[in-house]
Amino acid sequence: MINSYLFIILSIKIFTTLIFDRNLGDLMKKGPSLYPKKKSRSNKKILFINGKLLVTGLFLLVLCTLILMNIPYENPPLATGLEVSSSPNYKITIVDNSTGGDVSSNTVLMDNLNQTPVTMEVVEAAKQGTPMIVLGDGSRPRIMLVAGVHGGELPPQLAALNLINELNGEKIKGTVYIIPFAIPLNTATGNRTPNNSDPDRMAHNPGTPLNNIINTSLQCDVTLLVDFHSAQPNDIPGKNCIIYYPQNNKSQELAQYVGNRTGSPLVEVGPYPGVLSTVSNQNGITSVVCEVLSPHNKTDPGSLNLSYQYMKAFLDYSGVYKAD
């Protein structure tokens, strides 16, 4: 519906500009005369034409006003999926009910988790599917943080839960969507690529967990999305880094901002069509990947803290929350 508003307003602007610029141009060309002349037939004709244009313009203005008054402005939904929990500060929904798992069975995760009421609500919700917590009042900008695409990459999942704790009850200038467990079933078992199938190569396939996250971000009018991972030593990319999509200048700008804040180098995304960040960028959502170095199914204070710093830098960039 917003396109209808823009079209009508632009049409009125063009019409009024044509009329007034034309009249102004005539005045500038001729200038005021010291010796008034009798109105010729051509001048009367011009006045008649301008009068008709003015009447037509007023009619169109009234018509457009009536149209605007009857066009409902449609805000995108604050959240999608099944709502499972809420409070004055947040809402938790399930955006994919095919991925549920008991993440509390992952002992490394639970041993390092700051178990607060809100984080335990998210852990409990993960049994039903991919949980998404929404913080803020629904206004723009709307940004999304995703972790747990690979279940065995624990530092970003723990960092996302720590971030939920920090944002709970804080003043947010916009809306923050956090998905700490993209595929809870894999987090529960510590499985990074079940059946040797990488979920981060299938985000472009309808019905897959990451494609459902893409659809959720589009339905919620998210404009910025960051996917948080950890990489093993001697694996790809094998270092702390920010991965950007070179075809989107804003992706590189976001990556540069986070990289400068954290001292992490930038890397171009690989030629894989089904990467979550790639598909996000192709759908108009500026996105990057933030990687920390950590063995699978393990975490340490350094990797956990760096992943958390990535998230805080992203919040600063978006302007929704000024982290300390």
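**Close-up 1. Helices α5 and α10 are oblique to each other in this predicted model.** The axes of α5 and α10 cross at roughly 50°, and they come within 8 Å. Helix α10 covers residues 301–318. The crossing of α5 over α10 is right-handed. On the α5 side, the contact is formed by Pro155, Pro156, Leu158, Ala159, Ala160, Asn162, Leu163, Glu166 and Leu167. On the α10 side, Ser303, Leu304, Ser307, Tyr308, Met311 and Leu315 take part. Sorted by class, this contact of α5 with α10 holds 11 nonpolar residues, three polar residues and one charged residue.

Close-up 2. Helix α4 spans residues 117–125, and helix α5 spans residues 154–167. Their axes come within 9 Å of each other and cross at roughly 135°. Here, too, a right-handed crossing is found, with α4 passing α5. The residues of α4 in the contact are Val118, Thr119 and Val122, and those of α5 are Leu161, Ile164 and Asn165. Four of the residues in the contact of α4 with α5 are nonpolar and two are polar, with no charged residue.

**Close-up 3. Thr130 is a buried residue in strand β3.** The strand runs over residues 130–136. Thr130 has a relative accessibility of 1%, so this residue counts as buried, the cut-off being under 20%. Beyond its neighbours within four places in sequence, Thr130 is in contact with Thr93, Ile94, Val95, Asp96, Thr99, Ile179, Phe181, Ala182 and Pro184. With one of these residues, Thr99, the side chain of Thr130 makes a polar contact of 2.7 Å. Gly81 lies 49 residues from Thr130 along the chain, and the C-alpha atoms of Thr130 and Gly81 are 9.7 Å apart.

**Close-up 4. Ser280 is a buried residue in helix α9.** Helix α9 comprises residues 276–282. The relative accessibility of Ser280 is 0%, and Ser280 therefore counts as buried. When residues up to four places away in sequence are not counted, Ser280 touches Ile214, Leu225, Ile285 and Ser287.

Conventions:
Residues are numbered from 1 along each chain as its sequence is written. This is a predicted model: local features need pLDDT of at least 70, side-chain atom pairs count only at pLDDT 80 or more; totals for chains, interfaces and linings use all residues. Side-chain values use heavy atoms; hydrogens and water are left out. Axes are lines fitted to C-alpha atoms, for helices over the stretch in contact, and angles run from 0 to 180 degrees between N-to-C directions. Helices (H or I, at least four residues) and strands (E, at least two) are DSSP runs, numbered from the N terminus. A crossing is left-handed if the near helix is turned anticlockwise from the far one by less than a right angle, and right-handed if clockwise. Contact means heavy atoms within 4.5 Å. Ala, Val, Leu, Ile, Met, Phe, Trp, Tyr, Cys and Pro count as nonpolar, Asp, Glu, Lys and Arg as charged, and the others, Gly among them, as polar. Buried means under 20% relative accessible area, exposed over 50%, partly exposed in between (1.4 Å probe, protein chains only). A polar contact is a pair of N or O atoms within 3.5 Å; within protein, one must be able to donate a hydrogen and the other to accept it, and residues adjacent in sequence count only if both atoms are side-chain atoms. Angles under 35 degrees count as roughly parallel, over 145 as roughly antiparallel, 65 to 115 as roughly perpendicular and the rest as oblique.
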